[in-house]
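Here are a few friendly notes to read with the structure open beside you. Take the points one at a time and find each residue as you go.

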Amino acid sequence: MLRKTTIFSLLILLVFAVVLYWLGSTRFNEFYQSQKKVAQETTNIVHREVEKQLAQKQLLVGIFLEDHYELISELAKHPKNEKLYARLNAKLERFFPDFFSANIATDEGNPIIDDFDGNLGRLCITDMQYFSKEKKQRIRIHPNQNIYHYDVLVPFQIQ
């Protein structure tokens, strides 16, 4: 009788442990999935906001390019001209209060002008090359030792 009671008690404890494990793992998986969903929704919201900001910035940069076509064309032809470069930077700082840096690239996406003092990131160059080939911009935030940023890329042709 004692043996049957012991086996029955162990069996009840084992069933109880299995039920507790199953409930715990089910709750953990539900929690994990809900957190994953919240993270994905948040990421999508941030992506859409950055996309909107980028579209607005691209529009403004396009207008800036039209208004300062001669200056930018001349600078692209003479990238070592410090006076032209200083004039462009002054106009950019005035037109864009959050201006960080400017560069001009070739049709292949290789930088001609680089305002990063030699720190133009590989990710920026890769994105410029992708933009020159695909005619669309990747939307991603670039790490940089000075400031995290996203690029605003606009096509520009010298006539």
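1. Let us begin with a term. A polar contact is a pair of N or O atoms within 3.5 Å, where, within protein, one atom must be able to donate a hydrogen and the other to accept it. Keep in mind that what you are looking at is a predicted model.

2. With that term in hand, look at aspartate 151. Its side chain and that of histidine 149 are joined by a polar contact of 3.5 Å. Histidine 142 also takes part, with a polar contact of 3.4 Å between its side chain and that of aspartate 151.

3. Where does aspartate 151 sit? You will find aspartate 151 in the segment after α4 (122-134). Setting aside neighbours within four places in sequence, the residues in contact with aspartate 151 are Leu54, Cys124, Asp127, Gln137 and His142.

4. Now for charge. Side chains of opposite charge can pair when their charged atoms come close. Aspartate 151 is buried but has no salt bridge. The nearest side chain of opposite charge belongs to arginine 140, 7.6 Å away. A salt bridge needs the nitrogen and the carboxyl oxygen within 4 Å, so this cut-off rules out a pair at such a distance.

5. Which residue does arginine 140 pair with in a salt bridge? Its partner is aspartate 127, at 2.6 Å from N to O. This pair links distant parts of the chain, with aspartate 127 in helix α4 and arginine 140 in the segment after α4, 13 residues apart. Is aspartate 127 buried or exposed? Aspartate 127 counts as buried, at 2% relative accessibility, whereas arginine 140 is partly exposed at 31%. Through salt bridges that share partners, Asp127, Arg138 and Arg140 form one network.

6. How many salt bridges does the whole structure hold? A search finds five. One of them is between the side chains of glutamate 30 and arginine 27, at 3.3 Å from N to O. Both residues lie in helix α1 (residues 2-67), three residues apart, which is about one turn of the helix. Glutamate 30 is partly exposed, with a relative accessible area of 45%, and arginine 27 counts as exposed at 58%.

7. Finally, find lysine 57 and aspartate 98, whose side chains meet in a salt bridge of 2.5 Å, N to O. Lysine 57 is in helix α1 and aspartate 98 is in the loop between α3 (82-95) and β1 (103-105), so the pair ties together parts that are 41 residues apart in sequence. Lysine 57 counts as buried, at 16% relative accessibility.

Terms used:
Residues are numbered from 1 along each chain as its sequence is written. This is a predicted model: local features need pLDDT of at least 70, side-chain atom pairs count only at pLDDT 80 or more; totals for chains, interfaces and linings use all residues. Side-chain values use heavy atoms; hydrogens and water are left out. Helices (H or I, at least four residues) and strands (E, at least two) are DSSP runs, numbered from the N terminus. Buried means under 20% relative accessible area, exposed over 50%, partly exposed in between (1.4 Å probe, protein chains only). Lys and Arg count as positive and Asp and Glu as negative; His and the chain ends are not counted. Contact means heavy atoms within 4.5 Å.
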